[in-house]
Amino acid sequence: MALKNIIGIDHAVVMVKDLDSAAENYRQLGFTLSPRGTHSAHLGTGNYTIMFDPDYMELLGVLVPTEHNAPARAFVERHGEGIERIAFTAVDSAEGAEEIRARGLTPIGPTDFERPVTLPDGTVSAAKFRTFMWPTAEAPGGVRIFACQHKTRETVWIPALMTHANAAKRIREVLIATPEPAKEAAHLARLIDREPTAGADGAVTVASGGDRADFVYLTLDQLGKRYPGVPLTGLSERGGAALVLVSDDLVATEKALGSAGVRSRSAIVVPPAKANGTLLAFIAG
């Protein structure tokens, strides 16, 4: 039975050490960022979002150590900056948590939280969420997964924040490095009721659901062969490695990225050392 309350990838969480510095770096890469958000006190985190359609990226930083953000802090201490977890869109987080509980997994949550949002007209509203996480140990390829129910989509997908100078439109793939792509892909597939598909280069893809981005598990060597000439300094052999972003104008992409962008075959790529531990590959839509 497929999970009924999970749609597909909602957003990718990039953990950073210095939230405001990371935000400025991404602005220099041509992204439009939301104003800084501060989450509910028990979470102890702050964020900036980079909104696409139908998904987005989140730059996340720890502001105050709490029990809830202990895994995120451990990630940064062990791994450095980079993709720490991936969110699915939840139709109903409470029911979704019960779905995975029925499969023998103990969910974390559901947890309700919010952050204040300054709207383009200057008024202040709130973005409200209800999330649940798969158990911390269930992290295929070293990347945790959770599901996010948006209670106030209108305060998250704000049109003024969805146009980027680098022409990014959406996430096409999340690339996760691992010495054992087939094993890690099978692990994710079990957790979300999908079937893995092996590629000609040895990478293994798992569709996240609907028309959303795919997960791709591959070795660092396979990643390097996909993007020749792009230094992979800063990436671990196991963990979130890259986001493939669809651009509707690669000329605009190249201009916005400037010296940070590297031409690699048909993609324009920002090496992980220049994007807070995450390789960004822009491809034509």
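How many bridges join strand S9 to strand S13, and do the two run parallel or antiparallel? Eight bridges join strand S9 (residues 168-177) to strand S13 (residues 239-247), and the two run antiparallel.

## Basis of the model

This is a predicted model, in which local features need pLDDT of at least 70, side-chain atom pairs count only at pLDDT 80 or more, and totals for chains, interfaces and linings use all residues. Residues are numbered from 1 along each chain as its sequence is written, and side-chain values use heavy atoms, with hydrogens and water left out.

## Sheet

The open sheet holds eight strands in the order S10-S11-S12-S9-S13-S16-S15-S14, with mixed pairing. Strands (E, at least two residues) and helices (H or I, at least four) are DSSP runs, numbered from the N terminus; two strands pair if DSSP finds at least two bridges between them. Strand S10 (196-198) and strand S14 (262-264) stand at the edges with a single partner strand each, so one side of each has no neighbour in the sheet.

From one strand to the next the twist averages 30°, with axes taken as lines fitted to C-alpha atoms, for helices over the stretch in contact, and angles running from 0 to 180 degrees between N-to-C directions. Valine 174 stands opposite leucine 243 in S13.

## Aromatic pairs

The whole structure contains eight aromatic pairs. Rings of Phe, Tyr and Trp (its six-membered ring) pair if their centres lie within 6.5 Å; planes under 30 degrees apart count as stacked, over 60 as edge-to-face and the rest as tilted. The ring centres of phenylalanine 88 and phenylalanine 215 are 5.8 Å apart and their planes are at 35°, so this pair is tilted. Phenylalanine 88 lies in strand S5 (residues 82-90) and phenylalanine 215 in strand S12 (residues 214-218), so the pair ties together parts 127 residues apart in sequence. Both phenylalanine 88 and phenylalanine 215 are buried (under 20% relative accessible area; exposed is over 50%, partly exposed in between; 1.4 Å probe, protein chains only).

Phenylalanine 113 and phenylalanine 129 are stacked, at 5.1 Å centre to centre and 25° between the planes. Phenylalanine 113 is in strand S6 (residues 108-118) and phenylalanine 129 in strand S7 (residues 124-133), so parts 16 residues apart in sequence are tied together. Phenylalanine 113 and phenylalanine 129 are buried.

## Histidine 187

Histidine 187 lies in helix H4 (residues 181-192) and counts as buried because its relative accessibility is 16%. Leaving aside neighbours within four places in sequence, histidine 187 is in contact (heavy atoms within 4.5 Å) with Glu138, Ala139 and Pro140.
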